[in-house]
Amino acid sequence: HGAVTVREAIEQSLNVPVAKLGIAIGPERIVATARRLGIESPLAPVPSVSLGSFELTVLEAARAYAALAASGSLPVLRSYTGVVHADGRVLEERPGEAEKVFDPAEVYLVTSALQGVVDRGTATALRAMGFRGDVAGKTGTSSDLRDAWFIGYTSEIVIAVWVGFDDAAPHGLSGTEQERQTRATW
C-alpha cells in the first residue's frame, strides 16, 4: 500500500517518488541529460534537480520538449526560417537542423508517460477543453506559487505557457490550477 509506479508519479506530479527516483538515478546524470536536451541555465547536481528546482527560460524548456516531440532530435535554434517577397517568391530558405541526442525508443517511453499526464494526470484540463488526439505534456509549479507552467507537444508542435509576474511575486496558482482557471474562462 502506498507504492506508486513511475508513470503515476509523473502523471500526478508526486514530488516524493520523483525525488527518490532522482536520487537513485543520480543528480549528476540528470544534469547531464538536461545538457543533452539543450539546457544551458545553471544547474547543480543536487537531489532537488529531479523536481525542476532550477530556473530555466521558457525557450530552453520548449526546445528540450521539442527534442521529445522530434523523437530525440534537438532542434538548432534560429531566428527565422525564410524570407518571402510580398508576391510570394521565396528569397531565402533556412531548413531546420537538428542533432540526434537520444534514441527514439527512449523518447517514446517518456512521451508515453507524458501522454498520461494529459489523459489521467495534472493536465486533464486540456482534454476537458476539447483537445483530442495524441498529445503529451507536463504541468509545473514553483514551491512558492510564483511560477506556473504547462508544456505540451504533438509530433508537429510544441506549446509552452508560463504564468508569473516580472517581480517574482506569488500569484497563488499551480500549473494545474492555471489550467482550471483557463478552462473556466473559455
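Which residue of β7 is the bridge partner of Gly152? It's Ile159, and that pair is a handy way into this predicted model. Residues are numbered from 1 along each chain as its sequence is written, and side-chain values use heavy atoms, leaving out hydrogens and water. Because the model is predicted, local features need pLDDT of at least 70 and side-chain atom pairs count only at pLDDT 80 or more, while totals for chains, interfaces and linings use all residues.

The pLDDT (the predictor's confidence in each residue, from 0 to 100) averages 89 over the chain, with 91% of the residues at 70 or above.

Back to the strands (DSSP runs of E, at least two residues, numbered from the N terminus). Seven bridges tie β6, residues 147–153, to β7, and the two run antiparallel. They belong to an open sheet of three strands in the order β5-β6-β7, with antiparallel pairing; strands pair if DSSP finds at least two bridges between them. β5 (136–141) and β7 (158–164) sit at the edges with a single partner strand each, so one side of each has no neighbour in the sheet.

Now for the helices (DSSP runs of H or I, at least four residues). The axes of α4 (residues 58–69) and α5 come within 9 Å and cross at roughly 110 degrees; axes are lines fitted to C-alpha atoms, for helices over the stretch in contact, with angles from 0 to 180 degrees between N-to-C directions. The two helices are therefore roughly perpendicular (65 to 115 degrees) to each other. Tyr65, Ala67 and Leu68 of α4 meet Val107, Val110, Thr111 and Leu114 of α5, where contact means heavy atoms within 4.5 Å.

Definitions and conventions. Parallel < 35°, antiparallel > 145°, perpendicular 65-115°, else oblique.
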